Amino acid sequence: MTPFTPSTSHRGRPRLRYLGALLLLGLLALLAACGNSNSSSGGTTTGSGSTCPSTKQLTGAGSTFDNPLFSKMFQEYPKVQCGINVNYQAVGSGAGINNLLQHIVDFGATDAPMTNDQLNKSTSGPILHIPVTIGAVAISYNLSGVSQLKLTGPILAAIYEGKITTWDDPQIKAINSGINLPHKNITVVHRSDGSGTTSIFTHYLSAVSSDWQSKVGAGTTVNWPTGVGAKGNSGVAGQVKNTDGGIGYVELSYVLANNIPYALLQNAAGKFVAPSLDSAKADAESFSNIPADLRFYIVNGSGDNAYPITGFSWVVVYQNQSNSDKGQALARLLWWMVHDGQQYAQPLNYVPLPDTIVSKDEAQIKAMRCGSSACYSGS
Amino acid sequence: MSVPMPTSPSSTLQSGESHLHPFLTTRSSLNLRRRLVNALVVLSTTLAALFAAGLLIYLLYYVLSQGLRYIDLDFFTQLPTPNGEPGGGMGEAFQGSLILIALASLMGVPLGLFTGIYLAEFGRGPFAQGVRFLVDVLNGIPTIIFGLLAWVLIVIPMQTFSGLAGGFALGMIMIPIVTRTSEDVLRLVPRELREASLALGATEARTILQVVLPAARNGIITGVVLAMARVAGETAPLLMTAFGTTFWNTDVTQPMDALPLRIFQFTLSPYQQQVNQAYAGAFVLIVLILLASLAVRLATGGFKQR
């Protein structure tokens, strides 16, 4: 026999430890069961009569511009469609596009259509752009006691170029008669991450200021001549809210949620217009020539009531889906987003898609291929 | 026993001393200066200690006063609501954090413990020194680097963010902590205990498993729990690995939420209701970590030993 015989208490201790480990495992299992029962209780009904795909989870990343609308849509979606959870993380349009190109998300979301360079980086064939909503970019500012501030495109460009540095600059005073503008420095706030909102904003500045176009240009990230950076739409909104004399460009629903004042902007027709659902819609409707690949900007539209900094937002997906099951679930989700999902746009101050765009979206979704057949099986 | 001090030479020595150190002033002013310096140093160290403790107390008070009132049962059992709609909670974040910590422990505890045993029991020579040095380096690496590692090794090949990648990153952070604490406590086990066991004829394996390890059990548990508490609050490595979700998820191959991730996202939210919930989450996180350290100290009698 072994010369070293452990006492009974020595034998008991490991057993106690096993018991502890078992308890821990049991706790985890309980937790898992609790989670599962909670998730399945949400979505037992199926929207249409067709069979549900076996994929129960889709992952997307990108635009913060879309996030309020998407988080509402994706909370409702599992209740109506096969209990499919859509996990969307607002990491910025630039990061969303990168994640799609690296194949680690099922779809990206961006407010700047992908550039040819980005499209050429795809290792899995063509990428489809599917417009999902239209939103306005508000010019928010922080000046106590000043409401209904008016700005023009060239003045905005001069502020963001660092040429106008105080709020009582003669150029701002000239169009704001009756408003007592303080002698305060302007703190310019811009995005620090790759952003579709930045792209919409800089495309607008390029459209109204040739100086901006030649010196800075437009894109998801630009070389800012001045200002401080903040992450995401919510970051810019927070920065402006906390900076006396601050100015920043933020998607409209963030501004309304934060109760930050926003400027009236002079449009191409010479009228001063506030950002709103109607004025964004008026801007979008003034563009009738839509390219076949659905990559386009709608800044500085014509029409008396058009708000000039307005943009589409897109979901970007691979045309050839490598996983048929996932592809079918994705096509189904996109179809719902451009149809039934649009009901959530208006309450959150996004413009519901016009019918002309919806029919183009339908064609894009039907073009998605899962192996040899189309991903979308409905009509 | 006491040796009588020679009195007469001392006076001569004293006069000689002042000759030897001409830069020293008289004895009384020297004493005054010493006392002043002493008082100053005691005062500044006490103030520094008070400042550090005060900062922690202020932090606790602030998070408590901001977060406590938003905590209810829903906070632990419900999913987040979109756009600051009332109600909702962070249930999925608690679930995700528990799973991530379990995954991290599954990887970090055995690897860390075995490395610690190796270093304490067998580790001699340049190889052990090298391992010890590398473990220390590992301990000092910014945690976001482990996130990047998990991103390259797991997220990109798997083509999806996942709880697995998050658990791997957190496990990497745990390894050096568990290694160093277990090595230290194993070294504290008296040599005589090992010798007695070996003298009774036990093999080296048996000695380590049934004599040394049980003797060091409390210290090892302390190290493990502290490592768990440490990774429970990690955010950076999870941003590019676990990614976050707003749904219940127990599938480790899918994106998973965690308490610090949810706090990070809600703090940046434009909706006041989500900012409030972020404070509540921060409060729960702090309390959990405090409870863990407290429980460990109590269970192991750590208050007396340290």
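Here is a short chat about how some labels in this predicted model are assigned.

The model is predicted: local features need pLDDT of at least 70, side-chain atom pairs count only at pLDDT 80 or more, and totals for chains, interfaces and linings use all residues. Residues are numbered from 1 along each chain as its sequence is written, while chains are lettered from A and ligands numbered from 1 in the order in which they are written.

Me: What makes up the secondary structure of chain B?
Reply: Happy to say! Helices are DSSP runs of H or I with at least four residues, strands are E runs of at least two, and both are numbered from the N terminus. Chain B has 14 helices and zero strands.

Me: What share of chain B counts as buried, and by what rule?
Reply: A residue is buried if 20 or more other C-beta atoms lie within 10 Å of its own, exposed if 12 or fewer, and partly exposed in between, with C-beta atoms placed from the backbone. Of the 306 residues in chain B, 38% are buried.

Me: Why is β10 of chain A called an edge strand?
Reply: Strands pair if DSSP finds at least two bridges between them. The open, mixed sheet runs β5-β9-β10 in chain A, and β10 (272-273), like β5 (150-151), pairs on one side only.

Me: How do you know that β5(A) pairs with β9 of chain A?
Reply: Two bridges join β5(A) to β9 (residues 264-266) of chain A, and pairing asks for at least two, so the pair qualifies. These strands run parallel. Within β9(A), Leu264(A) is the bridge partner of Lys150(A).
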